[in-house]
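Here is a short report for a reader new to this structure. Look at the model first, then read on.

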Amino acid sequence: MTVTLRPVAPSDCDLICRHRHDMFQAAGDQEAAKAAFSPAYRNWQENALQSGAYFGFIAEVVGVAVGGVGLMVIDWPPHHLHPDVLQRGYVLNVFVEPTHRGKGIAKRLMAASDDAFRARGITHAVLTATDQARPLYERDGWQQTAQMAKELR
């Protein structure tokens, strides 16, 4: 099986929304899965692809998309461990079709992501991991951090 990676394109919007839906569905988050098909998310995704704020890769086997990863560069305040770092890479929408999991596709997508960030001068990256994906990221050198969230109304 030959897997090729190609850059995401604006025409991938529907695919990315489906991958995001399926990713949250597999993680058991029904509300987030529904939101992946919402007009608000699709509009954001479409605009981010058009502007280049969202970039990344699609993994294909014989021209058929079997996975993908989204990337963004976000402003970040200096941290005491790396006070000169003012931007972070943000990884999102990591997904591989269930029938293609365990074949190294996610590892290749993440390696390509590292390269894309390095090419942009990004030295630190963040992501949110599901319980099932955490071991994959940890094997690749990712470390758990203490992050919390709160909705402000």
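## The second largest pocket

This is a predicted model. In the second largest pocket, β4 provides the largest share of the lining, with seven residues. Two or more lining residues come from each of α1, β4, α4 and α5.

The volume of this second largest pocket is about 700 Å³. Its lining counts 29 residues. Val94, Phe95, Thr130, Ala133 and Tyr137 lie nearest its centre. By class, 17 lining residues are nonpolar, seven polar and five charged.

## The largest pocket

The largest pocket holds about 920 Å³ of space. It is lined by 28 residues, and the closest to its centre are Ala125, Val126, Trp142, Gln143 and Thr145. At least two lining residues come from each of β4, α4, β5 and α5 (134–139). The lining has twelve nonpolar, ten polar and six charged residues.

## The sheet

Which strands form the open sheet, and in what order? Five strands do, in the order β1-β2-β3-β4-β5, with mixed pairing. β1 (3–7) and β5 (125–127) each have a single partner strand, so one side of each lacks a neighbour in the sheet. From one strand to the next, the twist averages 25°.

β3 (residues 64–75) pairs with β4 (residues 87–96) in the antiparallel sense, over eight bridges. Opposite glycine 68 stands phenylalanine 95 of β4.

## Helices on the sheet

Helix α1 (residues 13–27) packs on the sheet and touches β2 (55–61), β3 and β4. Its direction makes about 80° with that of β4.

Helix α4 (residues 105–119) also packs on the sheet. It touches β1, β2, β3, β4 and β5. The direction of α4 makes about 30° with that of β3.

Key
Residues numbered from 1 in each chain as written. Predicted model: local features only at pLDDT ≥ 70, side-chain atom pairs only at ≥ 80, totals over all residues. Heavy atoms only, no water. Pairing = 2+ DSSP bridges. Helix = DSSP H or I, 4+ residues; strand = E, 2+ residues; numbered from the N terminus. Axes fitted to C-alpha atoms, helices over the stretch in contact; angles between N-to-C directions. Contact = heavy atoms within 4.5 Å. 1 Å grid on protein atoms, 1.4 Å probe; cavity = no way out; pocket = protein on both sides within 12 Å on 5 of 7 lines; lining within 4 Å. Points joined across faces, edges and corners; volume = space filled by probe spheres on them. Nonpolar A, V, L, I, M, F, W, Y, C, P; charged D, E, K, R; others polar.
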